[in-house]
Amino acid sequence: MRLILLGPPGAGKGTQAQRLVRKHGIVQLSTGDMLRAAVAAQTPVGLQAKDLMAAGKLVPDEVVVAIIADRIGEPDARRGFILDGFPRTVAQAEALEKILAERGLELDAVVELKVNEDILVRRIESRVAEMTARGEKLRADDNPAVLKDRLAAYRAQTAPLSSHYAGKGMLKTVDGMAPIEEVAAAIDRILGRGKAAAPSSRRRPAGRKPARKRPAARKAAAARRAVGKKSAAKKAARKGAKKGRKKAVSAAKRAKTAKPARKSAAKSAVKRRKAGRKSARKASSRRRLTKRR
């Protein structure tokens with residue numbers, strides 16, 4: 001399962017992602033977590049992103065895309081993954097589609113959590129107040145002013161992703177303001193429908209042509225077909241050779257059986273001729289005796 005969760009900061013994407021990870025045994029790929037790990041490790045990418053993240057600004061596409069491309073290639077992501085916080089722009093979405101196509105993969109669903117931004121700001125104000133009262137350390141971007149900046153950046157750069165995926169017939173929306181359990185149930189229903197549907201059942205917007213396979217995917221498919229044909233030809237050849245051997249053995253057995261039969265028939269014919277001649281001689285002797293009398 002390969003899934004994207006969309007929604008502004010504070011919409012609850014992380015909470016839902018962790019639940020899906022436990023339920024489906026897949027991994028959560030959070031660009032925020034990966035970037036914070038890079039900052040802590042003081043890698044070049046981390047140092048580049050540190051000031052931008054503290055100010056609530058978005059990290060450049062090329063940096064984030066490089067991190068994601070490496071991460072989805074790791075062994076624990078082969079069973080599936082949830083992208084949380086990526087893609088953030090249409091350009092990143094197109095870069096992701098290219099990365100997946102090159103590896104013969106595709107997304108199973110894009111789920112957007114719809115929320116009220118004013119309520120989100122009030123939530124973070126309450127959370128910051130509670131953490132401060134408990135003496136807990138706050139992150140640099142954990143304050144209402146930074147959240148407002150992040151929400152503005154989301155509206156400007158990330159919100160257009162809804163139209164991008166809606167145009168592909170992939171976008172599903174959920175009320176992110178509902179209780180966590182209800183949001184989780186709604187996501188499960190969406191994923192259940194997507195799993196039961198055939199890949200070809202996705203509706204294509206009017207006027208759009210069917211998506212063409214990428215060169216790498218076409219080559220992989222052609223290679224699989226070639227291997228299949230070669231295997232079928234070998235199987236047919238083995239079957240034909242086996243059938244030929246059986247025919248040869250059967251013919252040899254018939255020949256072996258027929259030879260003694262021919263010999264027996266010849267001996268019987270010789271005996272019959274000898275018996276006939278002997279019988280004729282006896283008959284001739286009897287006639288001669290009869291004449292003399």
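User: Let's start with Q28: where is Q28 found, and why is Q28 called partly exposed rather than buried or exposed?

Analyst: Q28 is found in strand β2 of this predicted model. Its relative accessibility is 23%. Buried would need a value under 20%, and exposed one over 50%. Since 23% falls in between, Q28 counts as partly exposed.

User: What does Q28 touch, leaving out residues up to four places away in sequence?

Analyst: Q28 touches G14, A17, Q18, V21, I82 and D84. Take I82: that residue is 54 residues from Q28 along the chain, yet their C-alpha atoms are separated by 4.8 Å.

User: How do you know that A77 is buried?

Analyst: A77 comes out at 3% relative accessibility. The cut-off is under 20%, so A77 counts as buried. A77 is placed in a loop, the one between α4 (61-71) and β3 (81-84).

User: And which residues is A77 in contact with, leaving aside neighbours within four places?

Analyst: V27, R71 and I72 are the ones in contact with A77. There's also a C-alpha distance to R2, which is 75 residues away along the chain: 9.3 Å.

User: Over to L120: what makes L120 count as buried or exposed?

Analyst: Again the relative accessibility is 3%. That's under 20%, so L120 counts as buried. L120 lies in helix α6, and beyond residues up to four places away it touches P8, P9, G10, A11, V115, L147 and L151. With G10, one of these residues, the C-alpha separation is 6.2 Å across 110 residues of chain.

User: Which residues of α6 and α7 meet?

Analyst: On the α6 side you have E117, L120, V121, I124 and E125. On the α7 side there are P144, L147, K148, L151 and R155. That contact divides into six nonpolar residues, four charged and no polar.

User: How about α4 and α5: why is that pair called roughly parallel or something else?

Analyst: The α4 and α5 axes cross at roughly 30 degrees. The cut-off is under 35 degrees, so α4 and α5 are roughly parallel to each other. Their axes come within 11 Å, and α4 passes α5 in a right-handed crossing.

User: What makes up the contact between α4 and α5?

Analyst: D61, V64, V65 and A69 of α4 meet A91, Q92, A95 and I99 of α5. Six of the contact residues are nonpolar, one is polar and one is charged.

User: Where do the axes of α7 and α8 stand to each other, in angle and distance?

Analyst: They come within 6 Å and cross at roughly 35 degrees. R155, A156, Q157 and T158 of α7 make the contact with P160, L161 and S162 of α8. By type, that gives three nonpolar, three polar and one charged.

User: What about the largest nonpolar core: which residues touch the most other members?

Analyst: That core has 30 residues, and I4, F81, L83, V110 and Y165 touch the most other members. Elements giving two or more residues to it include β1 (2-6), β2 (27-30), α2 (31-40) and α8 (160-167). α4 gives the most, with six residues.

User: Which residues is V110 in contact with, leaving aside neighbours within four places?

Analyst: V110 is in contact with L3, I4, L6, Y165, M170, L171 and K172. There is also a second, separate core of 17 residues that includes A11, L20, I82 and L191.

User: How many helices and strands does the chain have, and how much of the chain counts as buried?

Analyst: The secondary structure comes to ten helices and five strands. Of the 293 residues, 30% count as buried. As for contacts between residues at least 6 apart in sequence, 74% of them join residues at least 24 apart.

Terms used. Residues are numbered from 1 along each chain as its sequence is written. This is a predicted model: local features need pLDDT of at least 70, side-chain atom pairs count only at pLDDT 80 or more; totals for chains, interfaces and linings use all residues. Side-chain values use heavy atoms; hydrogens and water are left out. Helices (H or I, at least four residues) and strands (E, at least two) are DSSP runs, numbered from the N terminus. Buried means under 20% relative accessible area, exposed over 50%, partly exposed in between (1.4 Å probe, protein chains only). Contact means heavy atoms within 4.5 Å. Ala, Val, Leu, Ile, Met, Phe, Trp, Tyr, Cys and Pro count as nonpolar, Asp, Glu, Lys and Arg as charged, and the others, Gly among them, as polar. A nonpolar core is a set of buried Ala, Val, Leu, Ile, Met, Phe, Trp, Tyr and Cys residues joined through side-chain atoms within 4.5 Å. Axes are lines fitted to C-alpha atoms, for helices over the stretch in contact, and angles run from 0 to 180 degrees between N-to-C directions. Angles under 35 degrees count as roughly parallel, over 145 as roughly antiparallel, 65 to 115 as roughly perpendicular and the rest as oblique. A crossing is left-handed if the near helix is turned anticlockwise from the far one by less than a right angle, and right-handed if clockwise.
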